[in-house]
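Colleague: Hi! Could you walk me through the pockets and cavities here?
Modeller: Happy to, let's look at it together.

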Amino acid sequence: MGSVKAELLRLWKWPATWVLIGVWLVMTLTFGYVFNYLALNGGTNTRDMSQQQLISAMQPENVGAAVVRGLPMFGGAIILVLAALAVGSGYGWGTWKTTLTAGPRRVSAMAGTLGALAVVVVLLVALTFAVNLSASIVIASLEGWDWSLPGWGVFEALGASLLIAAMWTGFGVFLGVVTKGPALAVGLGLMWAIVTENLLRGVGSLLGPVESLTEVLPGGSAGNLAGAVGGSGAPGVLNSLSGTTAALFLVGYVVVFVGAATLLKVRRDLV
Amino acid sequence: MIVTTEKLTKRYGDRAVVDEVSLSVRRGEVYGFLGPNGAGKTTTIRMLLGLVKPTSGAARVLGEAPGTPKALLKVGSLIEGPGFYPYLSGRDNLRVHAARRGVRAGEVEAALEQVDLVGAAGERFRRYSLGMKQRLGVAAALLGQPELLILDEPTNGLDPAGMADMRDLVRALAAQGQTVLLSSHLLGEVEEICDRVGVISGGKLVAESTVEQLRGDTVLLIRADPLEKALVLIENSTRHGDVLHVRETDAGALVRTLVAADVDVQEVRPLRRTLEEVFFEMTGAA
C-alpha cells in the first residue's frame, strides 16, 4: 500500500497528469458535443448524419457510448502518453533508483505505479463520464428535448472504457520500461496509436491477412470493443469483432504488457 | 560486520567492471571506498543495494541478501546524486520516499532539520541548488533511521562550502555512531572523515585497512653534518640525497645520539605520506 500511496501522491501533484486529463476532457467535449451542437444548428454536416443521429449522439441516455467512442484512438493515445511519461521519466530523473532502494520489492514498486495509474485512469473515465453527462443535459435542456438519464447499459460502456484505458495504460508502461525514458516511449506510442495501425488498416484493404490482423491489434481490439458497446462515429471505432472477442484480446494485451514490463523491471539492472 | 562481500564480480561482456572484490564494513565505522572515476565504486555499491545483479560472488548487507526489503529498510543511500521528482517540493519528495519506506510522515521534518533544509522544504526540487539537492538526498537516506548509510560521491559538484557542510554532516552522523560507507575520489575528504578505507582500482580491491596503516609508518627526515657519520650512527637509516630517512618516531633520542657524537643536527621533521600519495601509488593514477 505504501508504494501505491507514494505513487498517488506524486501523480496527483504532477502537472502533466492534470494537463493530459484536461486536454482529453476538452477534446471529448469539443468533438462529442460542441461540434455536433454547431452542426445541428446550421453546420454543413458533410458526414451525412441526420438530425436525429446528431440528437441521439448528444442525448444524456447515450452518454456511455459518447465516453467509449473516444478511447480507442485519441483518448487512448493520451492515456498511453500519461503512462509512458509516468514510468519513463523516472529513469531520467533518477527516481526509479530512489524508489528501488527505498525498501519495497521491485514487483511491489511496479504494482504501486500500476495501482496509482489505475486510480488516475478510473478518475479520467469518471470525469469523462461526468463532463459528457453534464454537457448532454445542458444541451438537451437548452434544446428542450425529452431526455432521460442513462440506463444500466451505461455500466457496460463504462466497463469497456476502463478495459480500453487499461490496455493503453499497460502499453504506455511497457514502452516506458522498455525504452527507459519518456521521449522515445511517447514517440513510439503515439506513432503506434495514431499512425501505424491506421496505415496497416489502409494496407489491409488490399491484403486480406493484414486486415484480419489489424482487427486484433491493440487499437483494433479497442475499437471493436467500443463498437460492440454502442460507440460509433469516431475514428478508430470498428465493428468487425464481437464484444467478447475484443474484450478477451484486450485482457490479453493488458496481461502481456503489464507482465512483460514487470518482468523487465524485476530482472534488468538499473545502471 | 555490517557489510561483507566475497569475490563480488560484475562483468559486462568480457569486461570485468568489478573483479572479485572482497570487502568488509564494521558496525559504527565510517568506511571510505576510494577509487578513481570508473574504478568500479558505484557498480559495487549498486550491487550492495540490489540495483545491479552480480555476475558472481556474494554479498551480505546487515546479514541479508542485497536488495531484499529486509536489507533495504535498514539502509539509507544516496547514489550518484539524488533522484527526486523535479515538480515536487523537497518536503513532498521526502513524503513520497517516506511512504515507500513505510516511515511515518513525522520523520520527514526531523530529517529536514538534520540537513538544515526546513526553510527551503516548500520549494520545488528543480529550484534547489546542487548543494541543497545533495542535502535532500542525505535527508531521504536518513529516513527510517537506517543502520547503514551508503553515500556515493556525496560532495560531487558541491562548492568548497558545500563540501565542508557535507563533511560536517557525515562527521556528526559518525559521532552519533552511524555506520557510513562513503564512496569518494576526494582523498582529503576520506582522510579527514574515515576510520577505514578500501581502495579499488580497475575493478579490483587493491587495499583495505585503516587510514594510518595505509599511509604506513612515519619516516623522520634528518639533515645533519657530517651526513656519513650520522648514517653510521643511526640504524635503519637510508640516504636520500643530502638527507637521511629513518623509520623511527623518537626524534629526541635520535638527536641526543647525534649531538653526543658531535654531529650537527640542522633539521629533523617527520615525513608522512599522504593518502593521496598512497592512492596514486596503488592505483597508478596521477
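Modeller: Helix 7 (106–143) of chain A and strand 5 (56–61) of chain B each supply at least two residues of the lining of the second largest pocket. Helices (H or I, at least four residues) and strands (E, at least two) are DSSP runs, numbered from the N terminus. This is a predicted model, where local features need pLDDT of at least 70, side-chain atom pairs count only at pLDDT 80 or more, and totals for chains, interfaces and linings use all residues. Residues are numbered from 1 along each chain as written, chains are lettered from A and ligands numbered from 1 in written order, and side-chain values use heavy atoms, without hydrogens and water.

Colleague: How much space lies in that second largest pocket?
Modeller: About 310 Å³. Among its 19 lining residues, Arg106(A), Gly50(B), Lys53(B), Pro66(B) and Gly67(B) are closest to the centre.

Colleague: What counts as a pocket or a cavity?
Modeller: On a 1 Å grid over the protein atoms alone, a cavity is a set of points where a 1.4 Å probe fits but cannot get out, and a pocket is an open set with protein on both sides within 12 Å along at least five of seven lines; lining residues have an atom within 4 Å of a point. Grid points are joined across faces, edges and corners, and a volume is the space filled by probe spheres set on them.

Colleague: And how many cavities of 30 Å³ or more?
Modeller: Four. The largest has a volume of about 130 Å³, and strand 6 of chain B gives the most to its lining, four residues.

Colleague: What volume has the second largest cavity?
Modeller: About 60 Å³. Its lining includes Tyr91(A) and Arg106(A).
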